[in-house]
Amino acid sequence: MKTQIRSLRNVMVFALLSVFVFGQDLLAQDEPMYFEITKLKSGEDFWNVQQEIVKPFIQERIKRGNLRAWVLYQVMYPNVEEAAYDYVAMSVFDHFDHVNLSDEKVGAMAATVWPGFDINTLYQRFDKAAENVGSEIFMIRGEAVPGGPEKGAARQYVQVNHMKVAEGNSSAYVKMENDIFKPIHQKRAENGTMAEWLLFQRVMPRGTDWDNNFITMDFYTNWNDIMNWDGELFQQVHPDINADQTWSKMSSLRELTRSETWKIVMTVNQPAEAVTYETIEEGSGDSPMRGHEVTYRGTIMNAAGETIVSSDILGFDFYHTIGSDPNARHFDKGLLNMKKGGVAKIMMPASAQDANMQNMLGGKDAIVKVEMVNFGEAKPDGAAMLKRKIMAHGLSTAKAKYQKLQSDNSKGYVFREDKMNMLGYQLLGEGKTHEAIWVFELNTRNYPKSWNACDSLADAYHAAGNHPKAKHCYQMALKINPDFKAAKDKLAEL
């Protein structure tokens, strides 16, 4: 049940798109397109940051028209031990003045994407998750795309060739790539052994200190095609040109400084689908602000209005601190416009749901109904405090601390059902069965209507080999929720 509880609290956008921005005639634009390539060294929170922070911001930029697309690549060769970076992000722009935005524009977009959230907190998390090794800006100078039914085929891999060309040879090099080699790449794209070929010239930074002022990108659908070069293809395309002399001339114009292989892992070329809000009851008084902890009753329904899960079914109210989680930005926006006693509906398209919610709804649109019970300053987490006591001093110290709080809780510790439940399962997973049982017992006393708490306590008793008590707790869970199939199955096993 942990995933259902989490889905009610965290409403996020994460939809991996498989169609790349390329596969269209980029050179047919009114002015050349620009590509910013940023090299990244990943940290342990890298992937979550890309999903939760980077992607929503990219979608907002695309919506506002100052970014065309964004692609994230993982560097496969050379491997991470041999390279200074293991991921590469490519941003695609229609205009050069869109590459760098003013602080005011960035701030306005951030306020739209994460209403009520501290943008500096996001920056700090991003800086910890990824080191920016360097950025370069390129413009497109050549392109070969398939012209038949394979146009738009999935591009999974790309071989990136870094070229150093003397300044006086640039025009001759570009002409040779487009006149001689582009038709060969075009033929490969048409016969399906290559998805696309692109030629880029570096615009910024400038100077002779760089090992590349041109790059070519060879896109492939299949890994095996990367090395599938047909030596006879040159003569088929250019029957009257000497291949050896041509390669010799190309070598005199440019130096291949290095070659890398990247894999596409995320593509964003569409804005997020709109999340809409409907006020059912206005409520009264003030609205909450960033940092406020909101207590609410929630229900997730499918598009037909059928309830999937709710706080009433689970047996306790939910809470959420506004601005505490970038995944919950849609939820934050709804709460910031509500008042105590108010009721609202948030219409969530499938692409605006987190993975847990998508699993529950089967990839269909959802309706999240919220009734605001109360809000105020966030209270300290009692489960986290008990965890510290147990880990540092043992169960007896945690019990004594909890007992003292019954008469003196001046700091206002709260023991939330889901937090205590997660703590109990963590202790159980670490072999601390007695500690887990105590935590789960507290949870059932604090939340007597929670069949989820009863079920968790039963799991702990079962792990301890106390089958009579486990059976009793499963029965208690079924008494609260007769439709709880998992408890029925566990009872049958006992």
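With a relative accessibility of 28%, Asp-94 counts as partly exposed, a class lying between buried (under 20% relative accessible area) and exposed (over 50%), as computed with a 1.4 Å probe on protein chains only. The structure is a predicted model, in which local features need pLDDT of at least 70 and side-chain atom pairs count only at pLDDT 80 or more, whereas totals for chains, interfaces and linings use all residues. Residues are numbered from 1 along each chain as its sequence is written, and side-chain values use heavy atoms, with hydrogens and water left out.

Asp-94 is located in the loop between β3 (87-93) and α3 (103-113), these elements being DSSP runs numbered from the N terminus (helices H or I, at least four residues; strands E, at least two). The side chain of Asp-94 is joined to that of Arg-68 by a polar contact of 3.2 Å, the term denoting a pair of N or O atoms within 3.5 Å, of which, within protein, one must be able to donate a hydrogen and the other to accept it, and residues adjacent in sequence count only if both atoms are side-chain atoms. Between Asp-94 and Phe-35, which are 59 residues apart in sequence, the C-alpha to C-alpha distance is 9.0 Å.

The count of disulfides, defined as pairs of cysteine sulfur atoms within 2.5 Å, is zero. Cys-454 takes part in no disulfide, and the nearest cysteine sulfur, belonging to Cys-473, is 6.5 Å away. Cys-454 counts as buried, at 9% relative accessibility, and Cys-473 likewise counts as buried, at 8%.
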